[in-house]
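Please find below some short notes on the model.

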Amino acid sequence: MQGCASVRPDVVTYGILVNGLCKAGRVGDALRVLDGMSRQDLDIRPDVVTLNTVVDGLCKSGRVQEALAFVEQRMSSVHGCPPNTVTYNCLIDAFCRVGNISMAYELVEKMENEGVPQNIVTLNTIVGGLCRAGRTGAALEFFREKRTVWPEGKGNAVTYSTLVGALLHTNNVGMAMELFHEKMSEGHSPDAIMYFTMISGLTQAGRLEDACSMASSMKEAGFKLDTKAYNILIAGFCRKKRLHEAYELLQEMKEVGIRPDVCTYNTLLSGSCKAGDFAAVDELLGKMIDDGCQPSVITFGTLVHGYCKVGKIDEALRILRSMDESGIHPNNVIYNTLIDFLCKRGDVDLAIELFDEMKEKSVPANVTTFNALLKGLRDKNMPEKAFELMDQMREERCFPDYVTVDVLMEWLPVIGETDRLKRFMQQGEHTASKRIVSDRTSA
DNA sequence: GTAGGGTTAG
């Protein structure tokens, strides 16, 4: 035993505590610990790592301006720790995530002016921020520009998978492939995330054969596809109505010991519904349960949608009723599906019954619910009930969208209710602008 | 003890 001195907390102990609090979303508590450290008459002072942890905690909890103020007003003057590369990287990431790219650029410039070196994470953070903002071209340009002037600007696996993923998701398959091979030709081999990005992006771009050959390369390189990768490929085959191959992948998963999850089954159920193969649906439901995979609210939603789509609304209603025994509460997606199809079939009364049932069961109606009902009421020309719903929308602060506006604009003026439409719209505008303000202030 | 890349289903 070394005595008590060896178990006294040091700055790293505090660092672990502060980090734990931040990661648990308790930034306020982290700040209090930091204040406690600063006040104590111990020889422990927060260091740059502790401070960066708090800065990142503030950033990741959406308190970006506070993080910036903390860096500018406290780090050097109060704590004697000037911001370093990590500090700036946290801030840059946060400003990118709230869409303030110009502030992110400003911070990069500030690093230059203050002699804080940029590193590979700075590069990847900006590249990622631009890609997320849909500015893939600007991201590529930024990379091309910095790769020669920044000491760490050459780009690593993160840079390339970010860019390749963004290119694939914007359907720029040619450029994505070029970049992928550029990295490979330098003697680098893809890591698991790069493979995943390629598989997911190629599938998204509709290039299933390429996605599959990428999956083969991944296996040859000694990686295993995980459940998510299989799910993505299965969804891709389902979208292309190639159910046989989708089911083969399920078989392959089982053979190589990757467990299908509820999402795997839901994807295949949805595909089988869309193919109209309800015998396969029943068989797969059985397998799913045998496999220890409990149906979720999405499973029920898939089945309800599938039966509605082929006009078997009674069967869809039977599934809604069967949810009670399963202990899974129907949500508004399920009710909306049924209400929409009932209205389209002209069965507005039953749709309204379901709408009332939602209220009894405290399932919140949303704009999709109201739109479906309003369309049904328009088709049956039942304005009184529609006015009632419009009032409810206002009371429940459910804001009309372009569909609501569309439906009412082609209906109410025809039946001489233009004024009521105007009032409804004005209320919408008024409250909608208030809502935007309150969203901003609470963010 | 701190920062950056993949998330599939109604």
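Which oxygen of DNA strand B lies 3.4 Å from a polar side-chain atom of H305?

1. The partner of H305 is a sugar or linking oxygen of DNA strand B, 3.4 Å from a polar side-chain atom of that residue. A polar contact here is a pair of N or O atoms within 3.5 Å; within protein, one must be able to donate a hydrogen and the other to accept it, and residues adjacent in sequence count only if both atoms are side-chain atoms.

2. This is a predicted model, in which local features need pLDDT of at least 70 and side-chain atom pairs count only at pLDDT 80 or more, while totals for chains, interfaces and linings use all residues. Residues are numbered from 1 along each chain as its sequence is written, chains are lettered from A and ligands numbered from 1 in the order in which they are written, and side-chain values use heavy atoms, with hydrogens and water left out.

3. DNA strand B is surrounded by 50 residues, the closest being N52, N89, N124, S161 and N231 (near means that a heavy atom of the residue lies within 4 Å).

4. N156 places a polar side-chain atom 2.8 Å from a base nitrogen of DNA strand B.

5. Chain A has 24 helices and 0 strands (DSSP runs numbered from the N terminus: helices are H or I, at least four residues; strands are E, at least two). Its radius of gyration is 28 Å, well over the 22 Å that the globule rule gives for 443 residues, so chain A is more spread out than a compact globule (taken over C-alpha atoms; the rule is 2.2 Å times the number of residues to the power 0.38).

6. The axes of α5 (residues 85–97) and α7 (residues 120–132) come within 9 Å and cross at roughly 0° (lines fitted to C-alpha atoms, for helices over the stretch in contact, with angles from 0 to 180 degrees between N-to-C directions). The two helices are therefore roughly parallel (angles under 35 degrees). Among the α5 residues that meet α7 are N89 and R97 (contact means heavy atoms within 4.5 Å).

Methods. Angles under 35 degrees count as roughly parallel, over 145 as roughly antiparallel, 65 to 115 as roughly perpendicular and the rest as oblique.
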